[in-house]
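Dear colleague,

I am passing on the structure below, together with some notes on what was found in it. Please read the notes with the coordinates open beside you.

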Amino acid sequence: MQYIKNQVFLYLTNRQKSMLFSYFASFVKKNKTLKKEDIIDKFIEDENYYYEINNPHFEFIIPLLSDDDFLKDLALVVDYVFFELEQKEKLKPIIEKQKQFQKEQRKRANDFKMSKLKPTKKQLFYYEKVAKAHNVQMKNTENATRLDLRNWIMDIIDNKENDDENKE
């Protein structure tokens, strides 16, 4: 199934084959609720319509629309796209887990980097403002890192939000 592009539309140039294959694959994905025969019929109907109004997508396929080899190739492409969609659906949970893992890895890497850097002036200023605004005792920032300040600021903000929720 993976080499379907090398097996279909052999009577077209590489450029024509590529254009037709990508267009028809997206056409199939848009109409994936239909049956294979209905998709092919709809595609042929659309191409004939556009040809009649002098605006065809692909002029080179107009004579091929009634050719049996062309219709067989279209059917192969439909099967291939359905197979691809099915595989993508099967792999969705695995891909989601990978994305979640990568997100956690980026967060750890960022935390590690922040734990090695000294805080910026803006961060120190913001910490002072937040601490004063929430009437919280400031911690010693002399040997603090960016990670420490971020965590302290988040603790102050989270405690304030929790207090507001408890009052309601």
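**Helix packing and the nonpolar cores**

Helix α2 (residues 36–52) and helix α3 pack at an angle of about 125°, with their axes 10 Å apart; axes here are lines fitted to C-alpha atoms, for helices over the stretch in contact, and angles run from 0 to 180 degrees between N-to-C directions. The model is a predicted one, in which local features need pLDDT of at least 70 and side-chain atom pairs count only at pLDDT 80 or more, whereas totals for chains, interfaces and linings use all residues. Residues are numbered from 1 along each chain as its sequence is written, and side-chain values use heavy atoms, with hydrogens and water left out. Helices (H or I, at least four residues) are DSSP runs, numbered from the N terminus.

The helices α2 and α3 are therefore oblique to each other, the class that remains once angles under 35 degrees (roughly parallel), over 145 (roughly antiparallel) and 65 to 115 (roughly perpendicular) are set aside. In their contact (heavy atoms within 4.5 Å), K36, I39, I40, F43 and I44 of α2 meet F70, L71, L74, A75, V78, D79 and F82 of α3. The residues of this contact between α2 and α3 divide into ten nonpolar, no polar and two charged, where Ala, Val, Leu, Ile, Met, Phe, Trp, Tyr, Cys and Pro count as nonpolar, Asp, Glu, Lys and Arg as charged, and the others, Gly among them, as polar.

Helix α1 (residues 14–30) packs against α2 at an angle of about 120°, with the axes 11 Å apart, and that makes α1 oblique to α2. Here L20, Y23, F24, F27 and V28 from α1 meet I39, I40, K42, F43, D46 and E47 from α2, a contact with eight nonpolar, no polar and three charged residues.

A nonpolar core is a set of buried Ala, Val, Leu, Ile, Met, Phe, Trp, Tyr and Cys residues joined through side-chain atoms within 4.5 Å, buried meaning under 20% relative accessible area. The largest such core has 26 residues, of which F9, L20, F24, F43 and F70 touch the most other members. The elements giving two or more residues to this core are α1, α2 and α3, and its largest share, seven residues, comes from α3. Leaving aside neighbours within four places in sequence, L20 is in contact with F9, L12, F43, F58, I61 and F70. Apart from this core lies another, of eight residues, among them V130, W152, I153 and I156.

With kind regards

Conventions: Buried < 20%, exposed > 50% of the residue type's maximum accessible area, 1.4 Å probe, protein only.
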